[in-house]
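I opened my notebook to look through this structure one step at a time. Here is what I looked up, in order.

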Amino acid sequence: MSWLRISLTAFAISAAVPVHAQTLTITTAGGDYGNAMKEAMWGPAAKELGYDVREETLSDGLAALKMQVTSGAIATDIIHLGSPEGAQAAAQSLLEPLDYKIIDAKSVPEGAASDYCYPFDSYGTVLSWSTKTYGDNPPKTWAEFWDVAKFPGRRALRANAQDSIEIALLSDGVAPAEVYAVLSTPEGLERAIKRLEAIKPDVAVWWTSGAQSAQLLKDGEADLVVTWNGRAETVKKDGGAADYTFKGSVIGTDCLGVPKGAPNKEAAMKLIAAMTQPARVAKLTDFIAYGPVNPAAYEGGLIPEDRLKTLATAPENAGTSVFSNSQWWVKNGEAAQQAFDEMMAR
Amino acid sequence: MTATVDPALLADARRERRFFLSLSLPALFIVGLAAILPILWIIRQSFLTTGGEYTVGNYAKVLSSGLTWSALVTTLELSLGTLAICIVLGTPLALALASARPRVANLLMAFVMLPLWTAILVRTYGWLVLLRRDGLVNAALTGSGLTAEPLPLVYNFTGTLIGMVHYMLPIFLLPVYAAMRDIDPNLVRAAASMGATLGQVIRTVIMPLSAGGIFSGSVIVLIYSIGFFITPAVLGGGKVNPLSTRIERALSTFQDWGSASVLGILLLVLMALIGVMLLAARRLLAQDAVAAAHA
């Protein structure tokens, strides 16, 4: 008779769970980063709300979002994008407007605010180097990164105009606050491209994924690598002969959006609000060195003091930084990328 | 000669033909669904703006861009380079395999086929491990004192070509080997007994008789090589950008499906052109052979 008891128990358990448990799908970048978000952010938030959340991972969020929305087969309720991609998606009306009645509008500093894609964490594009090659005397500014006579070595940069043209101008003596003003003039963009072309002979690899940039740094395939601080920090923490500096970093944010026509719009807004609570975005830094955008997350010791210096947005690090301007990229991204690609093909 | 055929037999033959045709229907259906429809969709997409209106702007944009043409040149350099190396390496290998004893040939064949059973991504990353600056090859070269500095073997054109040849060589080898195996050994013996040197035997007997295999192998190598994406993306270090990487850029960075579709059609046209050119070349060769035989 035990099978009857078991099935009756099973029946009782299933009856106790609300029949209409809300099911949601979230799309993240996967890897260490995706896991960190699950552990720190949406996992606990889903439990609190009683949602059944499924995860999808994609490295190319915007292309997938466009595919889903244009074909009308929307497979996700929340999508993780870089803020420039978020702004681009908004401009192509691929995202639902954020519901700031559910999400706390005051949790985002004014400069980072978006009506469509909620910025939750930030990263810096930083200068990293092999300590085996340079010992105690590494290049520490972009101008020195460009100085191949004083610092010979193989460089690796991202095969993308994003962040590359900003650091090119910084290396040429443009002040962080002036970068986008200069880039907005035709001569400014040309100046950045020319600067990249000047260093091209010393670029061993133009990388295409964050994981690849970390590998190049770890293997010593390149001596100087432009990469994201989370990647550089992980290589360093794992005992790689590498170090990096936040000086002159380009700070960008990642954001969460809801695809236009998503099946569970309101629940998605609620999950975004819950998963980005200060304690949760602070907890994210337990797993990966990407700092919260919400200023409240830096208060009350939510983030241990010694970890702050590994975050791009920490006050002591942000002084010489450029904040990536999503609006500029939406307007000029294609032209900039075109000029960049032409430089690569020359 | 006139022969009257029993009409019942003719009807039987017709029924049989129809039956065989119907057997191929599922395959035709799948080809139609998986190949023809998407191509039609891509053709339609190439005439649409992002807003969904009809335009020829995508063509103007893609064809007027210098990037398209430099990508086209890179595509051709990679494909023809791969083909040339495959012919130089593969033909003697096929000859050796075809003239080896069957057991030896089978064993060697297994080694040749081994890479075919490995996923391309795994193989490509394998080359990365072998060819990088502190990789096995460079460690051996510098360790033995052959070179003072590690050679730039990967993250460039050389590395991409190595990866592509590794992928294409077994595929090239199969038809060439099959053609050489089918050569009647008596022909070789006859030539030799008439006083032909080994070089003459290869030139006048083996090569003409295996030309068909080399030809088919070349067609396959070219058609495959033109569409290679993973190998240049991983081993090219961002510096080797054939048309396939332009398509990826158009899709993922610009979400420009129109331009991506035009580039895709360009690839298709390129393949068709190569097909037509090779067919014409084969016809010419065949005519020459006939003429030579009659001379």
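I began with spacing: the C-alpha centres of domain 1 of chain B and domain 2 of chain B lie 33 Å apart. The assignment puts domain 1 of chain B at 1–45 and domain 2 at 59–294; such bounds come from an automatic or database domain assignment.

A note on reading this: residues count from 1 along each chain as its sequence is written, and chains are lettered from A and ligands numbered from 1 in the order written. The model is predicted, with local features needing pLDDT of at least 70 and side-chain atom pairs counting only at pLDDT 80 or more, while totals for chains, interfaces and linings use all residues.

Next I checked confidence. Chain B averages a pLDDT of 90, and 97% of its residues score at least 70; pLDDT is the predictor's confidence in each residue, from 0 to 100. For the complex, the predictor gives an ipTM of 0.82 and a pTM of 0.83.

Then I asked how many residues each chain brings to the contact. I found 18 residues from chain B and 18 residues from chain A (contact: C-beta atoms, placed from the backbone, within 7 Å).

Last, I looked up Ala156(A). Leaving aside neighbours within four places in sequence, Ala156(A) is in contact with residues including Val203(A), Trp207(A), Ser213(A) and Leu216(A). I also saw Val205(A) and Val226(A) among the contacts of Ala156(A).

Key: Contact = placed C-beta atoms within 7 Å.
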